[in-house]
Amino acid sequence: MKLFFLLMLFFWTAQPAHSMEMPTLSLHGQIRQGEMLFGHVAPESKVTLNGEQISPRSDGWFAFGIGRNDTDPLVFNIEQGDRKATYSFQIEPREWRVQRVDGLPQNTVTPSPEEEQRIADEMVLTQNARQKSIDMELPLCFSMPAKGRISSIYGSQRILNGVPKTPHNALDIANKEGTLITAPADGIVLLVHEDMFLSGKTVLIGHGQNVVTSYIHMSKIAVKEGQQIKKGDEIGRIGMTGRATGPHLHWVVSWKMKRVDPQVFLKNSEKFCSVQAKGPASVSQKAKR
Ligand SMILES: [Zn+2]
């Protein structure tokens with residue numbers, strides 16, 4: 001009986017004592033590997049995630065991503081005026097497919113030292129572009145950038161010509177060479193490269209809040225670095241430049257340095273496309289302390 005009473009007391013105090021006064025946090029999406037979710041806080045709240053600052057939109061919405069292999073809990077600190085709260089969440093693991101691709105030119109699978117250097121240099125270019133901070137409010141509604149068949153999904157463990165490689169951290173949309181690629185949302189062109197060893201003709205677009213989308217293997221690029229683009233504007237055309245066995249768009253969606261699942265991101269973004277969500281009433285998951 002005494003224990004029961006103590007437990008009761010514990011559960012009471014585990015709840016926010018004055019929940020009306022606690023800074024709120026709502027999440028829209030599943031907290032699992034490879035996911036990019038939307039969160040909402042009261043406007044002008046300060047938000048950090050695992051110690052790194054997040055800058056929500058003026059209406060309180062923000063995006064954040066979870067890497068394919070992330071396992072550490074997510075810890076949010078929210079400051080709303082002089083009130084503070086900490087919310088933490090466990091990341092749900094996902095299972096990934098194994099995908100074998102054979103018949104690739106052997107030098108793209110096991111490159112020479114010279115080619116390895118080129119790959120490393122080009123990786124630095126894209127990493128630097130991803131980290132450019134741009135001053136725009138993150139759009140919430142994203143759409144597919146091209147029509148076509150999904151030929152490879154996010155997360156698969158790849159075995160190229162029999163050699164295990166890094167997982168496929170993108171979505172492949174296959175269609176014939178010259179198929180139109182359009183901006184999935186407003187943004188600013190962060191990088192244009194005409195000839196990367198692995199990715200061929202490559203474009204990176206920043207959308208604000210460290211959300212970046214990348215367009216790889218294109219046959220033609222229609223934008224310039226620094227250009228502001230609107231949702232639906234042409235970015236280029238589908239091709240098979242760089243390492244590709246057929247014409248397709250290799251589409252990367254990233255948050256900071258984490259590449260996330262584009263299909264899941266689009267699903268989470270979808271509800272913002274019909275009605276512009278205004279607040280936490282429309283989100284699927286309320287944070288628990
Ligand atoms: Zn791909």
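Visitor: Is Asn-210 buried or exposed in this model?

Guide: This is a predicted model, and in it Asn-210 is buried, because 23 other C-beta atoms lie within 10 Å, where 20 or more are needed. You'll find Asn-210 in the loop between strand 15 (200–206) and strand 16 (211–218).

Visitor: What is the phi of Asn-210?

Guide: Start with the general idea: most residues other than glycine have a negative phi. Asn-210 has a positive phi of about 65 degrees, and it is not a glycine. Lys-256 also has a positive phi, near 50 degrees. Lys-256 sits in the loop between strand 20 and strand 21. Lys-256 is partly exposed, with 17 other C-beta atoms within 10 Å.

Visitor: Where is helix 4 kinked?

Guide: The kink, about 30 degrees, is centred on Asn-268. The end C-alpha atoms of helix 4 (residues 262–274) are 19 Å apart, which agrees with the 18 Å its 13 residues should span at 1.5 Å a residue.

Visitor: Which strands do the buried residues of helix 4 pack against?

Guide: Asn-268 is one of those buried residues, along with Pro-262, Val-264, Phe-265 and Ser-269. They pack against strands including strand 1 (26–28), strand 2 (36–40) and strand 20 (248–255).

Notes:
Residues numbered from 1 in each chain as written. Predicted model: local features only at pLDDT ≥ 70, side-chain atom pairs only at ≥ 80, totals over all residues. Helix = DSSP H or I, 4+ residues; strand = E, 2+ residues; numbered from the N terminus. Expected span 1.5 Å × (residues − 1). Bend = angle between axes of the 7 residues up to and from the residue. Buried ≥ 20, exposed ≤ 12 C-beta atoms within 10 Å, placed from the backbone. Contact = placed C-beta atoms within 7 Å.
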